Amino acid sequence: MAHKRKGFEITLIRRRRIDDLAKKVGCPLNWNRAPGVQWNGKSVACKDQDASNIVHDIAHYAVATKKARKSLDYGLGAGPDTKHGSYTYDAMDPIYTYDECRAIERKASALGIYWERMLKLPWKDTLAYHNWDSLAEIKKDWRKLSRHINKVGVIK
Ligand SMILES: [Zn+2]
């Protein structure tokens with residue numbers, strides 16, 4: 001089971017807000033599927049996930065290329081919680097270099113945290129959890145992500 005952080009429990013209001021966010025991004029969610037693979041090329045596995053994980057994966061979808069969306073876990077390779085299940089190790093191989101993966105993770109982290117703040121989640125917790133040095137640092141990244149931020153707008 002994936003790691004669940006305190007303060008990020010899925011409540012009814014949070015689920016509604018996450019559904020709204022996913023809809024605006026165009027990212028399909030599956031509340032009945034648990035990871036293994038978080039993104040299986042069709043949907044984000046939401047079962048047994050905390051709100052931070054799901055929002056992070058919606059952010060991955062937002063910044064992913066078409067090719068990445070066709071790949072398991074957006075082509076970023078197996079992580080510590082990955083369970084291959086019926087998938088081969090080849091199918092889980094990253095389609096990016098290590099540095100590219102790091103750059104993509106940084107984008108998804110910044111965008112996810114922006115949305116956590118909007119969804120009234122304890123986002124400062126995730127700021128520390130993802131090892132951001134400061135609010136000033138992530139704010140620079142938020143400016144670079146304005147296209148994605150503006151596309152979604154505000155969710156109440
Ligand atoms: Zn990620």
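**Reading helices, core and backbone in a predicted model**

With 26 C-beta neighbours inside 10 Å, Tyr74 counts as buried, and this holds for a model that is predicted.

Visitor: Where is Tyr74 found, and what phi does Tyr74 have?

Guide: Tyr74 is found in the loop between α3 (66-69) and α4 (89-92), and although Tyr74 is not a glycine, its phi is positive, at about 55°.

Visitor: Which residues does a cis peptide bond join?

Guide: The torsion to read is omega, which is about -10° for the bond that joins Pro35 and Gly36; Gly36 belongs to the loop between β1 (29-30) and β2.

Visitor: How far apart are the end C-alpha atoms of helix α2, and what span should its residues give?

Guide: The expected span is 1.5 Å times one less than the number of residues. For the 13 residues of α2 (residues 51-63) this should give 18 Å, and because the end C-alpha atoms are 19 Å apart, the two values agree. The helix is also mostly covered, since 13 of its 13 residues are buried.

Visitor: Which residues have the most contacts inside the largest nonpolar core?

Guide: That core has 33 residues, and those with the most contacts inside it are Val44, Val55, Ile58, Ala59 and Leu111. At least two residues of the core are supplied by each of α1 (12-25), β2 (44-45), α2 and α5 (98-118), while the largest share, eight residues, comes from α2. Taking Ile58 as an example, and leaving aside its neighbours within four places in sequence, one finds it in contact with Leu21, Ala22, Val25, Cys27 and Val44.

Visitor: What can be said of α5, its span and its packing?

Guide: In general, an α-helix has 3.6 residues a turn, so residues three or four places apart point the same way. The 21 residues of α5 should span 30 Å at 1.5 Å a residue, which agrees with the 30 Å between its end C-alpha atoms. Buried residues in α5 include Ala108, Leu111 and Trp115, and the buried residues of this helix pack against α1, α2, α6 (123-129), α7 (135-144) and α8 (146-152). Just after α5, Lys120 takes a positive phi of about 65°.

Terms used. Residues are numbered from 1 along each chain as its sequence is written. This is a predicted model: local features need pLDDT of at least 70, side-chain atom pairs count only at pLDDT 80 or more; totals for chains, interfaces and linings use all residues. Helices (H or I, at least four residues) and strands (E, at least two) are DSSP runs, numbered from the N terminus. A residue is buried if 20 or more other C-beta atoms lie within 10 Å of its own, exposed if 12 or fewer, and partly exposed in between; C-beta atoms are placed from the backbone. A nonpolar core is a set of buried Ala, Val, Leu, Ile, Met, Phe, Trp, Tyr and Cys residues joined through C-beta atoms within 7 Å. Two residues are in contact if their C-beta atoms, placed from the backbone, lie within 7 Å.
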